[in-house]
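These are my notes on the complex, written as numbered points. They should be read with the coordinates open.

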Amino acid sequence: MIPRPRPERFRLRRTMMFMNAQKPGLIKDAYIYGCDSIMLDLEDAVAENQKDAARFSLYHALRSIDYGDTEVVVRINGLDTPHWQEDVRVCVAGGADGIRIAKCESAQDVHTVEHAVEQAEREFGVEPGRTLLMAALESPKGILNAYEICSASERMFGVAISGGDFRKCMQTTPQRDGVDMLFARGQMLLAARAAGIQCFDTVFTDLDDQEGFEAEVRQNKAMGFDGKSLINPKQIRFVHQVFAPTQKEVIQAEKILLAYREQSAAGVGVFTVDGKMIDVAFIPGAERTLRLARACGMYEGDLV
Amino acid sequence: MEILKPAIAGTLESSDAQVTIEPGKAGIELTLTSSVMNQYGRQIRATILEALERLDVSNARVTVVDKGALDCTLKARVECAVFRSCGQSAANIPWGGVVR
């Protein structure tokens, strides 16, 4: 058995790759690709008559495969199906780091799942509060209720939009400039930031359209997303490249943190670095840049 | 558990195993074919028999077609087939109990 450490609510999640939990060939070596999180899928990728088999497969994968630093999240079936409660039991018993709530539309949906998770943690003797949650917004109602969903629980680490279902509801299709989901993405980002949790964009499904994929990833980064859901390992490297800070940003962040330490020790609150005014408000951003830089292999210092 | 009706779990894809279980009367009758029989035949057989023993299955005809599955996959497929044959695979699985 491979005991996984207690999941971190806030960690680096640039890439989350979907994998069918029912396919042993996929899940056995999912960690070698280097994505930050893998998303083992019990929902749409698994045929209706294989839901039971996928759970057995998931349980033993969670208990016996060493995923190392890769976070393991499981997408469970929707609350309108007969499957989700057993999905929650197997996730908690197997020790998954987090559960992704499909088709989430309200804070009540989060509470419903949270309640089942609490019960399962008691049943399987798992540390209370260990299992994290995230929500997938797939409908107009989900987007409109984004803030109440994001702030519904201390277990919530993030929220993601699911483009396929959402575009269907909105009677639109993927557009080159992202106008089809511009408002929805913006609304979800606002809600996530207001609630202090992370925010992830949807998958890009046309694997032959590399140019379109790259444009979308750049837009994600520009809009302020923390990361993106992926369907293929070949998409990982580009996202990591785009989400990496520039050398200049890393140096700037390092200077800010060093200066802040010195100045605050001397009792100074506001000061300048390279001619720019800096105060305590800049510190979390600089720390985030250095943490990201460390994950990208660009920073080896000890400021974060 | 008593095997009540025939059940199958798993596929013939690479890294998977297909397990068929049927009611029997003469203990465990295991028929195993594997793409890695010469290297791992004994270990695969042991894993299957161990899983059946944990589930307290003492009479069954079991056919396994292995395509290079890891132990964790073999266990998952055997357990799923047994629970399906008892009509109990959909809910309240004893995770961490006899399934471990």
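1. A convention comes before the details: two residues are in contact if their C-beta atoms, placed from the backbone, lie within 7 Å. In that sense H2(B) lies across E1 and E2 of chain B, and the helix runs at about 30° to E2(B).

2. The model is predicted. For the complex, the predictor reports an ipTM of 0.97 together with a pTM of 0.91. The average pLDDT of chain B is 96, and 100% of its residues score at least 70.

3. The sheet of chain B is open and has four strands, ordered E1-E2-E4-E3, with mixed pairing. Strand E1 (7-9) and strand E3 (28-34) of chain B are its edges, each pairing on one side only. From one strand to the next, the twist averages 10°.

4. Within that sheet, strand E2 (residues 17-23) and strand E4 (residues 60-66) of chain B run antiparallel and are joined by seven bridges.

5. Chain A is built on another plan: eight strands make a closed barrel in the order E1-E2-E3-E4-E5-E6-E7-E8, and the pairing is parallel. Neighbouring strands are turned against each other by 25° on average, direction ignored.

6. E2(A) can be followed from both sides. Strand E1 (residues 15-20) of chain A runs parallel to E2(A) and is joined to it by five bridges; Phe18(A) has Met39(A) as its bridge partner in E2(A). Five bridges also join strand E2 (residues 37-41) to strand E3 (residues 71-75) of chain A, again in parallel, and here Ser37(A) is partnered by Glu71(A) of E3(A).

7. Is E2(A) mostly covered or mostly open? The strand is mostly covered, with five of its five residues buried. Ser37(A), Met39(A) and Asp41(A) point one way from the strand, while Ile38(A) and Leu40(A) point the other way; all are buried.

8. Which residues of chain A face the partner is best put in counts. The interface brings 19 residues of chain A into contact with 21 residues of chain B. On the chain A side, helix H1 (24-27), H2 and helix H3 (84-94) each supply at least two residues. H2(A) gives the most, with nine residues. By class, this side of chain A has nine nonpolar, five polar and five charged residues.

9. Helix H2 (residues 51-64) of chain A packs against helix H2 (residues 71-85) of chain B at an angle of about 145°, and the axes are 9 Å apart. The crossing of H2(A) past H2(B) is right-handed. From H2(A) the contact takes Asp52(A), Ala53(A), Phe56(A), Ser57(A), His60(A), Ala61(A) and Ser64(A); H2(B) contributes Cys72(B), Thr73(B), Lys75(B), Ala76(B), Glu79(B), Cys80(B) and Arg84(B). These residues divide into six nonpolar, four polar and four charged.

10. To sum up for anyone setting up calculations: chain A is a closed eight-stranded barrel with parallel pairing, chain B holds an open four-stranded sheet with mixed pairing, and H2(A) gives the most residues to the side of chain A that touches chain B.

Notes
Residues are numbered from 1 along each chain as its sequence is written. Chains are lettered from A and ligands numbered from 1 in the order in which they are written. This is a predicted model: local features need pLDDT of at least 70, side-chain atom pairs count only at pLDDT 80 or more; totals for chains, interfaces and linings use all residues. pLDDT is the predictor's confidence in each residue, from 0 to 100. Axes are lines fitted to C-alpha atoms, for helices over the stretch in contact, and angles run from 0 to 180 degrees between N-to-C directions. A crossing is left-handed if the near helix is turned anticlockwise from the far one by less than a right angle, and right-handed if clockwise. Ala, Val, Leu, Ile, Met, Phe, Trp, Tyr, Cys and Pro count as nonpolar, Asp, Glu, Lys and Arg as charged, and the others, Gly among them, as polar. Two strands pair if DSSP finds at least two bridges between them. A residue is buried if 20 or more other C-beta atoms lie within 10 Å of its own, exposed if 12 or fewer, and partly exposed in between; C-beta atoms are placed from the backbone.
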